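Subject: Structure handover

Hello,

Here is the structure for you to look through. Please open it first, then read my notes below.

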There are 2 protein chains.
Amino acid sequence: MNIYDVSKKAGVSIATVSRVLNGNPNVSEKTRARVHAVMNELGYTPNVFARGLGLGSIKTIGIMCSDSSDPYLAHAIYYLERELRVNGYDSILCCTGNSLETKQQYFNLLRSKKVDAIILAGSKFIEPKVKDNTYIIDGAQEIPIMLVNGYLEGDNIYSTVCDDRMAVHKATGQLIASGCRKIVYLYTSNSFSGTNKMKGYRDALTGHGLPVRPEYIHQCEKNVICARDLLLELAKDGLVFDAVMTSDDTLAVGAIKYAHMQDLKIPDDLSIVGYNNSTYAICTDPELTSIDSKVEALCTATINTLMGVFNGVNVPSRTTIAADLIKRATTKF
Amino acid sequence: MNIYDVSKKAGVSIATVSRVLNGNPNVSEKTRARVHAVMNELGYTPNVFARGLGLGSIKTIGIMCSDSSDPYLAHAIYYLERELRVNGYDSILCCTGNSLETKQQYFNLLRSKKVDAIILAGSKFIEPKVKDNTYIIDGAQEIPIMLVNGYLEGDNIYSTVCDDRMAVHKATGQLIASGCRKIVYLYTSNSFSGTNKMKGYRDALTGHGLPVRPEYIHQCEKNVICARDLLLELAKDGLVFDAVMTSDDTLAVGAIKYAHMQDLKIPDDLSIVGYNNSTYAICTDPELTSIDSKVEALCTATINTLMGVFNGVNVPSRTTIAADLIKRATTKF
DNA sequence: TTGTACGCGTTATCAG
DNA sequence: CTGATAACGCGTACAA
């Protein structure tokens, strides 16, 4: 079942069938209708490989993420895929894990599949060592590379990021305004997004004339139990704190569990702020005040930019989106 | 940069290059080494389209899921993708939503992309009307169709399911054994998996000589707040119950919130059982007793079966995997 | 408006 | 063990 079968049955040449297929206007209504009829009758679909062979493109975008089961990334994938589909593109998903080596492997795999662009979803793809990012910069010489919540400077590389610094800055400021003075900061990673959040926390303290104390800043696995146990440990070691600012809802849930175990009243004895406004935020008692990082807007903007790139429109190499603070019951504000 | 460039530079024919590429043994060590050297030097990668054109296959599997942001499906995608990769296959992901029409569209889209198989992840793909599933049965005439936690009879269709009936049956039995007599059943959908869970609940009651009362069985959106409010409503209407069995952790979290609002002691006044053993289960206080539906095992088995199909091994058309009951603090057992 | 003929890069089948 | 050559199905100059 190919274009020849259709052309034979419709009594036209393959060129005409191809024209009908691709909406070329230089076909009479009559033959167009006849060809369409035959295509339907035969249930014909053009062969993507043959098409790709000639054109070198296949309207498919590669999406890389470190872990699709992470709620944030899972949503990102969902929105990216949806927006691509709307624009007539398919997507190939790769879950890379966190090692640089596998990331490079998947990146090359996608390039070998001749995808039209690669989207790096999440801030885990940019390495601190410049050299470790050259594979991305090299790849960008052939196809556009889109970063969702990550930033890398380079030709044909486009970043869409959430203003994490500002978001944490604002939330920390409100904690302070509501009377908190000893704010623990819990974070999971030193990624682009991670360092920005941290900066927001530090700047807010400094801005309010409060000291930034290293003993209040702790890294922690993205895991409820780890966060709970870490706080338990800190309290046992005599650290006094009246609020916990986190880089992820998971850690904030851990903080709530900690408060329950210590019989602390939330938010009076302990205020807690999460990040991502995930479904976890409404699973807890009390429900979690959390920063909405606007995944959907981020993903939509990413795809819009990408389509702009494809259409030769002049698009910004960096787009920043503001986060929202969703106030619930774990803060006094 | 193609096979001709390599052949020229290596001083052999393209046929030989192709043989080297595909590990054909009929090449002398010497020329093999030379060709490999040239390929590395030129950084040559074979063109997937040309390969696909000739072979009609591209070692890519289509994965369909209704919503990749659902935690259960997100995990399923992760495991499926990983297992496929291990076996040298890539995957194209489609998030279909829930309407039959879009499901069919995506299904056909994947077929037009010439994927080697389609995996339908989750139990939302099999429609109650036989006619609505014919598109799947038709597709199976060309490529194997794999169902993850769904069942459809047909040639070249393979199902891997979790024994949901047994799991709920057992958990309900334990609720009864621990003294519960009035067990509300909350469920989200009437899918294959959904009806089996329900059957487990009913059979357990019947098996213990308890009546199955429709006023104890309620459908509910997969949403914490909906579940909480539904129970609030039921209690207000005078329904008396001492346990809530659910088809999803989300609903169970809602039940915990309900208990908190009513100042009920868990599990003494109210026992609660979730389903899927998701991360929600450890977000709550008290932590949730939940049924582990073994997504990873399900996905591994699915891909193993699929590889068996590709290799012409005689594989079962249906594989059933037993669930685990994870006991935490919302039940007396 | 329509048709012919060629190129895209690979694999597979022969013949040597 | 190696090479020449015919598919594979489509898009598209170019010719009519």
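Start with aromatic pairs: rings of Phe, Tyr and Trp (its six-membered ring) pair if their centres lie within 6.5 Å, and planes under 30 degrees apart count as stacked, over 60 as edge-to-face and the rest as tilted. By this rule there are 15 aromatic pairs over all chains.

Some ground rules next. This is a predicted model, in which local features need pLDDT of at least 70 and side-chain atom pairs count only at pLDDT 80 or more, while totals for chains, interfaces and linings use all residues. Residues are numbered from 1 along each chain as its sequence is written, chains are lettered from A in the order in which they are written, and side-chain values use heavy atoms, with hydrogens and water left out.

**Rings**

Tyr89(A) and Phe310(A) are a stacked pair, with 5.3 Å centre to centre and 15° between the planes. The pair links distant parts of the chain, 221 residues apart. Tyr89(A) sits in the loop between α5 (71-86) and β2 (90-95) of chain A, and Phe310(A) in helix α12 (residues 295-310) of chain A. Helices (H or I, at least four residues) and strands (E, at least two) are DSSP runs, numbered from the N terminus.

Tyr89(A) is buried, at 10%. Phe310(A) is partly exposed, at 28%.

Now look at Tyr78(B) and Tyr79(B). Their ring centres are 5.4 Å apart and their planes are at 75°, so this pair is edge-to-face. Tyr78(B) is partly exposed, at 25%. Tyr79(B) is buried, at 15%.

Tyr185(A), Tyr187(A) and Tyr201(A) make up one aromatic cluster.

Charges also sit over rings (NZ of Lys or CZ of Arg within 6 Å of the ring centre and within 35 degrees of the ring normal). Lys103(A) lies over the face of Phe125(A), at 5.4 Å from the ring centre. Arg318(B) lies over the face of Tyr151(B), at 4.0 Å.

**Cores**

A nonpolar core is a set of buried Ala, Val, Leu, Ile, Met, Phe, Trp, Tyr and Cys residues joined through side-chain atoms within 4.5 Å. The largest one has 146 residues. Which of them touch the most other members? Ile291(A) and Ile291(B) do. Apart from this core lies another, of 38 residues, among them Met64(A), Leu120(A), Leu110(B) and Val115(B).

Contact means heavy atoms within 4.5 Å. Leaving aside residues up to four places away in sequence, Ile291(A) touches residues including Ala167(A), Met245(A), Tyr275(A) and Leu325(A).

Val148(B) lies in strand β4 (residues 145-148) of chain B. Val148(B) is buried, at 1%. Beyond its neighbours within four places in sequence, its contacts include Leu80(B), Ile119(B), Thr160(B) and Leu298(B).

**One helix**

Helix α2 (residues 14-21) of chain A has Thr16(A), Val17(A) and Val20(A) as its buried residues. They cover an arc of only 100° around the axis (taken from the directions from the helix axis to the C-beta atoms), which puts them on the same side of α2(A). They pack against α1 (3-10) and α3 (29-42) of chain A. Gly23(A) follows α2(A), and its phi is positive, near 65°.

**Two copies**

Chain A superposes on chain B by a rotation of 180° with 0.1 Å of shift along its axis (RMSD 0.3 Å). The same surface serves both: 98% of the contact residues of chain A recur in chain B.

Best wishes

Conventions
Buried < 20%, exposed > 50% of the residue type's maximum accessible area, 1.4 Å probe, protein only. Least-squares fit on C-alpha atoms with pLDDT ≥ 70 in both.
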